[in-house]
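Let's walk through this model together, beginning with a helix and ending at the ligand. Have the sequence and the 3D view ready.

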Amino acid sequence: MKIAVCQMNVIQGDKEKNRKTAETYIDEAAQNGAKVIVLPEMWTSGYDFARLAEHTETLDGPTSQFLSRKASEHQVYIVGGSFPIQLDGGVKNTSITFDPQGNAINVYSKIHLIGLMEEDKYLTSGVEYNIYEIEQFSAATIICYDLRFPELIRSYALDGACVLFVPAQWPIQREQHWLALLRARAIENQLYVIGANMAGRNENDVFNGHSIVYDPWGEIVAEAGSEPVILYADIDLNMVKTVRERVPVFKDRVPNLYRC
Ligand SMILES: NC(=O)CCC(=O)C(=O)O
């Protein structure tokens, strides 16, 4: 299955420009045969908290409708990065995945908000997570800073996830953490990890891209550089099975001895 990661340059506050960029990337990725297309975190507006109210949408607002239309137009799955959505009394950094019929098959709001980027001042945490099906794969989504919380990803793996999507706006200062944590999550949970970062800058940070796909053995399947680009990777469910049989960590766990 061919995956396309849209490593966009998200322009802070410019929803119209970002929508046009996303559309160009989605159209090109679909034309090149991608079956799953992944966007970065907060791709509609960036971290434009000063105008958060302007950028916040409802679950079935214009960006959801756009992604749904694009998914059905191209008959692809779209892991819609994330954007601010008004949900249950708060604004949440939320990712929606659409199937090739344009149906929303997963809604995930970022659970761990990053104080370093002031998310906790403006946003409300998500409180639930679920796996979902992409053809033969069970998949899961986390968002950026969530990557530092291995318990969440382990829970997904125990629920059967074979592919983990990680939309992000991960700054260059901690790029080594990005790469190491993505790889660790792939190795310890024996699943594919698809890291979708942005490439560009905002008023506070530089985002150096390096979107990357790791296989369940921790090897790099595809890696982007620092420029905006579409990154393609082929993934194979059999590899998850092979790795899990070869090193049976799920069978060998001793959960009654762990604190969590
Ligand atoms: N947008 C984010 O959540 C950034 C996460 C990050 O920079 C870090 O965990 O370090």
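Helices (H or I, at least four residues) and strands (E, at least two) are DSSP runs, numbered from the N terminus, and the expected span of a helix is 1.5 Å times one less than its number of residues. This is a predicted model: local features need pLDDT of at least 70, side-chain atom pairs count only at pLDDT 80 or more, and totals for chains, interfaces and linings use all residues. Residues are numbered from 1 along each chain as its sequence is written.

Start with helix α1, whose 17 residues (15-31) reach 24 Å from first C-alpha to last, close to the expected 24 Å. Buried here are K15, N18, A22, Y25, I26 and A29. They share one side of α1, because they cover an arc of only 100° around the axis (taken from the directions from the helix axis to the C-beta atoms). The face turned away from that buried side carries the exposed residues E16, K17, K20 and Q31. A residue is buried if 20 or more other C-beta atoms, placed from the backbone, lie within 10 Å of its own, and exposed if 12 or fewer do. Just after α1, G33 takes a positive phi of about 95°.

What do the buried residues of α1 pack against? Their partners include β1 (2-7), β2 (36-38) and α3 (62-74). Not counting residues up to four places away in sequence, C6 touches A22, Y25 and A29, among others (contact: C-beta atoms, placed from the backbone, within 7 Å).

Finally, turn to the ligand: the residues surrounding it include E41, Y145, R148, W170 and H177, each with its C-beta atom, placed from the backbone, within 6 Å.

Notes: Contact = placed C-beta atoms within 7 Å.
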